[in-house]
Amino acid sequence: MKRKLLSMILATAMVATLLVGCGSGSSETTSTPADAGTETEAQAPADTQEEAEAPADTASTGGGKVGVAMPTKDLQRWNQDGSNMEAQLIEAGYEVDLQYASNDIATQVSQVENMINSGCELLVIASIDGDSLGTVLEQAKEKNIPVIAYDRLIMNSDAVTYYATFDNYMVGTKQGEYIKEQLDLDNAEGPFNMEVFTGDPGDNNARFFYGGAIDVLQPYIDSGKIVIKSGQLDFETVATANWATEAAQSRMDAIISANYADGTKLDAVLCSNDSTALGATNSLEANYTGEWPIITGQDCDKPNVKNMIDGKQSMSIFKDTRTLASKVVEMVDAIMKGGEAPVNDTETYDNGTGVIPSYLCEPVFADANNYKELLIDSGYYTEADIQ
């Protein structure tokens with residue numbers, strides 16, 4: 001009887017050790033040594049090892065520890081992505097270590113390393129720089145920890161298991177098509193003046209956004225119907241470090257001063273996201289006296305939705321992060337239960353080590369005509385959020 005009681009106590013202790021969480025941003029984390037379970041089993045009598053193993057198997061299929069690494073809190077969308085992801089993972093029964101890296105690569109590398117060493121069984125990572133995580137993810141690969149690249153593809157690492165995002169090329173094509181339709185490029189005589197702003201050169205998505213839009217508009221640029229008066233069109237020139245509003249505003253200040261200060265009309269500003277669109281808008285308000293141009297954006301950030309309502313921004317691509325978070329939770333659940341994650345693209349996203357199986361959600365665009373249906377009626381925002 002004493003031996004049986006001792007066996008039960010030891011088995012319970014081992015299960016408790018296996019269920020220790022991977023932390024939630026505290027400077028103190030509790031990690032389980034890789035051989036802790038082995039030591040406990042070795043100490044338990046042989047006829048109780050089966051009892052000790054059963055609860056661990058149940059735990060592995062009913063929950064687990066998931067690390068979620070987000071790049072920054074400086075942009076509204078990442079706050080929403082992180083909170084949506086955390087809430088849905090917790091609701092699904094998982095423990096979540098959610099971290100924001102303040103757009104600092106070294107901080108994100110350290111956070112991911114801590115997640116790996118503190119017992120997280122799967123990582124969801126929205127990288128700051130797609131090329132910066134190769135070394136730390138080797139540690140994840142060595143420990144057989146699956147990695148889902150979230151919205152930004154992690155480059156040149158064979159540790160990436162899956163990729164979850166919106167169709168980034170489609171984001172760009174929708175922006176380009178919006179400009180095409182609003183300027184009636186197939187019928188209007190033109191020419192029309194346009195300037196271009198895209199995102200951080202270290203973000204692989206920026207190239208897809210840019211490429212999709214330019215593929216739509218390039219024929220009109222080649223024919224002379226669209227004119228880039230600044231001459232700034234190649235990706236490296238129109239990229240905006242860290243997607244920073246201030247950087248976009250400063251560049252637009254210079255463009256207006258050099259090309260539009262004499263009253264020349266600016267017809268369109270192709271901006272890949274809302275933070276760059278906000279910079280362009282701020283500059284136009286301060287420096288431009290002509291007829292207001294078409295301005296595109298992405299993410300439906302609150303200040304930009306207000307600008308759409310006020311007629312200062314024409315449209316913004318709406319990517320409902322609740323939808324993406326739900327899909328990622330499905331992917332996490334499938335992987336944690338030993339299966340394969342659902343994907344719908346196995347051709348597009350090559351990270352330098354091969355094509356990464358991906359799930360792509362479809363974006364839509366919001367403007368002054370449909371924002372209430374998309375943003376308010378759906379519960380994404382309240383009326384008070386955008387007043």
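Analyst: About 70 Å³ of space lies in the second largest cavity. This is a predicted model, where local features need pLDDT of at least 70, side-chain atom pairs count only at pLDDT 80 or more, and totals for chains, interfaces and linings use all residues. Residues are numbered from 1 along each chain as its sequence is written, and side-chain values use heavy atoms, with hydrogens and water left out.

User: What makes something a cavity here?

Analyst: On a 1 Å grid over the protein atoms alone, a cavity is a set of points where a 1.4 Å probe fits but cannot get out, and lining residues have an atom within 4 Å of a point. The volume is the space filled by probe spheres set on the points, which are joined across faces, edges and corners. The whole structure has 2 cavities of 30 Å³ or more.

User: Which residues line the second largest cavity?

Analyst: Its lining is T72, L75, W78, N103, I128, R152, D200, D203, N242 and W243.

User: What is the volume of the largest cavity?

Analyst: About 100 Å³. Of its 13 lining residues, R77, R152, D203, F209 and W243 are the closest to its centre.

User: How do you know how the lining of the largest cavity divides by class?

Analyst: Ala, Val, Leu, Ile, Met, Phe, Trp, Tyr, Cys and Pro count as nonpolar, Asp, Glu, Lys and Arg as charged, and the others, Gly among them, as polar. On that basis the lining of the largest cavity has 4 nonpolar, 3 polar and 6 charged residues.

Technical notes:
On a 1 Å grid over the protein atoms alone, a cavity is a set of points where a 1.4 Å probe fits but cannot get out, and a pocket is an open set with protein on both sides within 12 Å along at least five of seven lines; lining residues have an atom within 4 Å of a point.
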